[in-house]
Amino acid sequence: MAAEVTPKKPPDWKNLTDTVQDAESLRQESINAHHDHLITEIETSDGPLGTSLRAVYEGDELEKFKESLGDHIKNHDKEIERMCNYHYQGFIDSIRELLKVSCDAAQLKDEISEVNNHLQDSCEPLLTKGEELVKCRRVQRNIASAVENLTLCLPVLEMYGKLQEQMSSKRYYPALKTLEQLEHTYLPRVETHWFSQTMKEAIPKLREQIKEASMSDLKDFLENIRKHSVKIGEVAMKHAAEQNNMDPAIAQSNVKMKTKRAPKPPNPFTGEIEKEGGKEKSALADSTDDMGELSAQDLIDFSPVYRCLHIYTVLGDREKFETYYRKQRRKQARLSLQPPSNMHESIENFKRYFHDIVGFFVVEDHILSTTQGLVNRAYMDELWEMSVSKLAASLRTSAASCKESDMMLDIKKLIVLFCHTLRGYGFSVGHLLELLLEMRDQYSDILTRQWVDIFNEIFDEDNYTPIYVESVEEYTAIVTQFPFQDEELEQRENYYHSQETFPKRFPFSFFVPSIYTQVKAYINACLKFSADLHLSHTEIDDMIRKSTNLLLTRTLGSCLSSLIKRRGLTLLQLIQIAINMNYLEKSCSYLEDYISSITGAQNDSVHMARLHGTSMFKDARSDAEEHIYSKLNLKISEFIELANYDWLLPESKGHASGYITDLVAFLQSTFMSFTNLPEKVAKTSCMSACKHVATSLMSFLMDNNIKQVTMGALQQFNLDLIQCEQFASSAPVPGTRDGTLLMAFADIRQLLDLFLNWDWSLYLADYGQPTSKYIRVKPSDAISLLEKLNNTDNKKKNLFTTLKKTERDKKKLIDTVLKQLRGLVNGTA
């Protein structure tokens with residue numbers, strides 16, 4: 001109890017009635033009152049004293065405050081002492097009463113101890129029996145609790161054992177179901193047990209293990225499917241070939257792949273490697289003997305995909321699984337679409353390439369039809385569009401490197417079968433069919449290059465002489481190859497059974513039926529590529545005619561042009577080539593009929609394009625004829641180069657020069673071979689030869705190197721000209737009996753007649769008249785030849801001849817004629 005506080009005395013206030021106080025006394029009283037107030041606050045305050053103490057220390061009267069505080073302390077000490085003196089006697093009385101109570105308590109303690117001892121002795125047997133009973137009851141309760149807990153725990157442990165067994169046997173989806181039951185049904189019943197918590201903590205890990213294990217199986221599946229896509233594609237293409245009535249051998253690879261099966265991976269939960277059972281289903285059937293009866297889907301085990309899809313669906317990660325699967329398959333698609341660098345070297349490389357792509361899309365189509373949403377049609381279409389573009393680019397590049405037409409045909413068949421196969425699975429193959437049309441042009445180019453060698457070989461092997469046959473069999477062999485109509489045979493069958501008309505000669509050489517046969521072979525080769533392209537008869541006909549036109553105009557035309565320009569060809573060979581062109585030109589109509597017959601486009605003849613071979617063969621024949629003209633003139637020039645005139649000959653020899661005789665004999669024998677040429681060509685050739693001879697003869701007379709000419713030399717020259725005129729008038733080729741060939745020698749004939757007849761008065765009188773006898777004689781030519789005669793006369797003159805009147809008259813006449821001729825040239829006459 002707190003000691004009672006003596007009430008404070010009221011402050012000793014001075015009498016307010018005092019009217020006069022000094023300032024110091026007032027200040028001291030104010031300070032004392034303030035200190036008393038602070039001390040009162042310190043004594044009565046229950047809270048912090050910070051404010052009061054701050055007020056003490058902020059003032060200037062700290063020492064006075066301490067003195068006031070000391071006075072208060074002394075007053076309180078005095079009050080405490082007075083209180084103690086007042087209660088001292090009561091305290092003594094209380095101590096005495098306590099001493100008495102202490103004796104009574106000791107006595108009570110002894111009595112209680114004695115009673116306790118008696119009680120312990122009497123209760124000891126009872127306590128012993130009670131402890132035994134408690135132990136028995138505790139054992140019974142533990143047993144009942146154990147039985148109850150075991151009843152709850154055994155299903156949990158059985159489910160956990162079942163889970164371990166399912167995981168050991170890789171039955172992931174049932175294991176996931178078991179795990180779900182264990183988590184939601186059985187573990188809540190035993191959640192008070194420590195192993196329950198351990199199992200709960202292990203469940204997420206087990207789920208992850210199941211996901212990883214199923215994903216590992218999926219990766220193995222993806223690896224196996226990548227390896228076996230080629231075989232799956234091959235089987236699918238074989239089935240498509242059978243369904244579309246195509247040869248299955250197109251899709252069958254001749255290279256047997258030796259595949260070694262990898263050992264099974266260890267169990268992801270136990271780490272053990274399982275032994276292969278005899279009845280286990282492999283990823284790909286080991287036996288390939290019965291693959292023809294199996295579909296492509298039967299060759300692969302898709303259970304890892306389904307299992308992994310179900311597991312990820314149950315675990316709520318289906319979207320993640322779909323993304324992963326599509327990503328991996330896109331990568332595999334890019335690998336399948338990557339062609340080998342040497343694909344163009346062998347058709348087997350193309351087959352394996354197509355098999356791989358077909359196998360990929362067959363698997364994806366099966367996944368599309370057997371799963372819901374793992375792949376969808378939009379994904380398939382996107383993947384197919386990407387694949388078609390890359391496939392087309394790869395085929396363009398690889399096919400561009402092919403140099404053989406047979407390989408191009410095999411590639412085309414593979415592409416067609418590839419289109420049939422994937423069209424059966426719902427894919428659009430229009431772009432690939434357009435690619436085939438592009439490849440058709442390349443195929444035509446390859447054929448064209450091959451036929452260049454074929455044509456050149458035919459030209460090299462030909463002897464360029466007419467074909468002679470000695471029997472009906474030989475004749476039949478020729479007319480079977482080439483559509484030749486013998487107008488002389490009115491009854492063909494009679495001649496087939498008789499040898500009277502043999503031996504027989506065809507007008508053309510062997511290269512005519514050979515060229516015709518090879519053109520037909522080219523047409524057949526083009527038709528092979530157009531097959532199975534689902535084109536109409538008209539389209540096929542147009543394509544083949546277009547290719548044939550290119551063959552005739554470019555390839556064959558170029559080969560013929562090169563042939564005609566060969567330096568080693570003789571004149572007779574050129575003539576035979578020109579004759580051959582006539583028959584090849586006529587054969588173009590038969591080629592058109594042949595194209596229509598094999599394409600079935602006869603009914604659309606109005607819209608069919610015509611072959612350009614006719615104009616090409618005409619051009620080639622014209623080229624050959626030009627070379628005939630130039631070759632003939634060149635040969636004539638060789639004879640004329642042998643001419644060796646003695647221009648100072650006093651009298652002629654009485655017979656033509658030897659070179660002219662040989663030249664005429666050559667021309668006569670040569671123009672005999674022109675009988676099979678068109679009459680116009682023969683006439684043109686003969687006219688060209690005569691003009692060339694006449695021009696050459698005229699050049700002899702007009703040669704500026706010849707300064708002197710005698711009349712005897714002119715008479716000898718006249719004999720040579722007569723030989724040429726006799727040849728021209730003999731009609732060496734049909735249709736030349738009208739004297740047209742003689743016109744080639746008219747210029748030189750009139751010039752010689754003018755000098756030999758010395759008919760200058762007539763020439764000068766009729767000059768410029770249409771009826772002039774010497775209308776073709778040019779004054780300049782007459783001047784040149786007359787000056788050469790004059791030079792000869794001048795050198796022969798001597799002192800005696802100058803005195804002869806005849807010579808003087810002749811000289812005067814020559815000078816007069818020369819003067820008048822020069823006037824004609826200058827236009828002053």
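These legends walk through a few close-up views of a predicted model.

In this predicted model, local features need pLDDT of at least 70 and side-chain atom pairs count only at pLDDT 80 or more, while totals for chains, interfaces and linings use all residues. Residues are numbered from 1 along each chain as its sequence is written, and side-chain values use heavy atoms, with hydrogens and water left out.

**View A. Arg329 and Glu364 pair up in a salt bridge.** Here the closest N and O atoms sit 2.6 Å apart (a salt bridge is a side-chain nitrogen of Lys or Arg within 4 Å of a carboxyl oxygen of Asp or Glu). Arg329 is in helix α7 and Glu364 in helix α8 (residues 347-370), so the pair ties together parts that are 35 residues apart in sequence. Helices are DSSP runs of H or I with at least four residues, numbered from the N terminus. Arg329 counts as buried at 1% relative accessibility, and Glu364 does too, at 0%. Buried means under 20% relative accessible area, exposed over 50%, and partly exposed in between, using a 1.4 Å probe and protein chains only.

**View B. Arg545 meets Asp541 within helix α15 (residues 537-564).** Their salt bridge spans 2.5 Å, N to O. Being four residues apart in the helix, the two are separated by about one helical turn. Arg545 and Asp541 are both buried.
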